[in-house]
Amino acid sequence: MSDFKPADQIQDLQFFGEFGGVNPSITDSSTYTFLKAKTMAGVFDGEIDGCYLYSRHWNPSNKHLSQALASMEGSESALVTASGMAAISSAIMQVCKAGDEIVASRTIYGGTYAFLKNFLPQFGIHTKFVNSNNKKQVESAIGPNTKLIYCETMSNPMLEINNIKELSDLSKAHNCMLMVDNTFSPLIFSPLSLGADVVVYSLTKFINGMSDCVAGAICASTDFINSLYDVNNGAAMLLGPVLDGLRSASILKNMRTLHIRMKQHSHNAFYLANKLQTDGYKITYPGLENHPQHTLIKEMGNNDFGYGGLFVLDMKTKEIANEFMELMQEENVGYLAVSLGSYKTLFSAPGGSTSSEIPEEERNTMGLTEGLVRISIGLDDDIERTYQKMSKCLQSVKQKV
Ligand code: PLP
């Protein structure tokens, strides 16, 4: 556990609105005027700082949200994007060029997996997928052309915890960068303080928490962020995944309650995971002592925020999993929907949805079977009531589990 206090960083953000408002003013302009033509040229050439030129480059609302995320992560800078995939793809394309290699964890979000496996080879960038919890396997996959090690702090959907310190030591020893997706565990982990170089986020999930928008972010050094929006060769500048300023403003307000939400998500997930395991169901949750990285999360995490808001329940077959999820929706435990980190419980079977891009053989090696149900617990006040409802649904399909 590091001394870094991400929630204090959010609390201490002080942005004044244009007329003394307690929230920063929203700028809904795509372009910005200049009194002198010479100043415009200076801004374009990067000689003059602090002026806005065009909203794809920067706009004040995106700047505020980026500053807030940089404070939360302890990074020098940050950049917000229109989705988590935009953040991931832009950041990776900024690091790698044709001929470069990536060593990536095999348990990652299906979209990221597909991007690395199917999309990047068209540009001459190839990825080796490894069990990132096996140091030897990671090290032997690193070659002279490896530019990047990529993983998720808490992986989607298997909830494996990666040892960021160990991976960072490896990346430094081999002169490559470590990029970490911290979408499942904001505040719980501060990967930069553990040695990561770049942290990427889907803000769509816990950070916004309202299931009302799609957004992403990259937190890194000022040099790296500046390179992303370089007018001549910046991936974020030239691929153009800009987040709408109005959305930035609403995400920033939601971020103010993230610390309370994360505690409640973790509290609820722990309660259910523990009780359901005691009842004899097969549960994967990093807060349970039988989770393979339970000790690691305790050592590496900012423990005030618990062990995360997701757990996985093994329903053995796709058919039972489907029946169970439909029952849970009928009982109003939550919604049968992809995504996570929302105020309301969301559940889906990742094998047939968010991880379907990963070939079946690889899914089987990582234990991602078709009967798994990924549950992202909401902010329920009376979690015993939720347990009773969930238990009732499980009882109905029990003879089959
Ligand atoms: N990273 C993780 C761990 C995810 O779970 C997801 C989406 O589910 C993404 C990235 C992609 O984010 P977005 O849907 O905002 O593009």
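Into which domains is the protein divided? The answer is domain 1 (6–255) and domain 2 (259–400), with bounds that come from an automatic or database domain assignment. This is a predicted model, in which local features need pLDDT of at least 70, side-chain atom pairs count only at pLDDT 80 or more, and totals for chains, interfaces and linings use all residues. Residues are numbered from 1 along each chain as its sequence is written, and side-chain values use heavy atoms, with hydrogens and water left out.

**Domains and core**

- The C-alpha centres of domain 1 and domain 2 lie 27 Å apart.
- Domain 1 gives 41 residues to the contact between them, and domain 2 gives 41 residues; contact means heavy atoms within 4.5 Å.
- The largest nonpolar core has 118 residues. Such a core is a set of buried Ala, Val, Leu, Ile, Met, Phe, Trp, Tyr and Cys residues joined through side-chain atoms within 4.5 Å. Buried means under 20% relative accessible area, exposed over 50%, and partly exposed in between (1.4 Å probe, protein chains only).
- Leu69, Ile92, Phe311 and Phe324 touch the most other members of this core.
- At least three residues of the core come from each of domain 1 (6–255) and domain 2 (259–400).
- In soluble globular proteins, nonpolar side chains tend to be buried together.

- Seven strands form an open sheet with mixed pairing, in the order 1-7-6-5-4-2-3. Helices (H or I, at least four residues) and strands (E, at least two) are DSSP runs, numbered from the N terminus. Two strands pair if DSSP finds at least two bridges between them.
- Strand 1 (77–81) and strand 3 (126–130) are the edge strands, each pairing on one side only.
- From one strand to the next, the twist averages 20°.
- Strand 2 (residues 101–105) runs parallel to strand 3, with five bridges between them. Here alanine 104 stands opposite phenylalanine 129 of strand 3.
- Helix 7 (residues 164–173) packs on this sheet and touches strand 4 (146–152) and strand 5 (177–181). The direction of helix 7 makes about 150° with that of strand 5.
- Strand 1 is largely enclosed by the rest of the structure, because five of its five residues are buried.
- Ser77, Leu79 and Thr81 point one way from strand 1, while Ala78 and Val80 point the other way.
- Five bridges join strand 1 to strand 7 (residues 216–220) in the antiparallel sense. Alanine 78 faces cysteine 219 of strand 7.

- Two packed helices are described by the angle between their axes and the distance between the axes. Axes are lines fitted to C-alpha atoms, for helices over the stretch in contact, and angles run from 0 to 180 degrees between N-to-C directions.
- Helix 3 (residues 60–73) and helix 10 (residues 245–255) have axes that come within 8 Å and cross at roughly 35°.
- Their crossing is left-handed: the near helix is turned anticlockwise from the far one by less than a right angle, whereas clockwise would be right-handed.
- Helix 3 makes the contact through residues including Leu65, Ala68 and Leu69, and helix 10 through residues including Ile251, Leu252 and Met255.
- Neighbours within four places in sequence aside, leucine 69 is in contact with Ala78, Val80, Leu203, Ile207, Ala217, Cys219 and Met255.

- Strand 11 (residues 346–348) and strand 12 (residues 372–376) run antiparallel and are joined by three bridges. Serine 348 has arginine 374 as its bridge partner in strand 12.
- Alanine 273 lies in helix 11. Alanine 273 is buried, with a relative accessible area of 0%.
- Beyond four places in sequence, alanine 273 is in contact with Ile283, Tyr285, Leu288 and Phe311.
- The axes of helix 13 (residues 318–330) and helix 15 (residues 383–398) come within 9 Å, crossing at roughly 145°. This crossing is right-handed.
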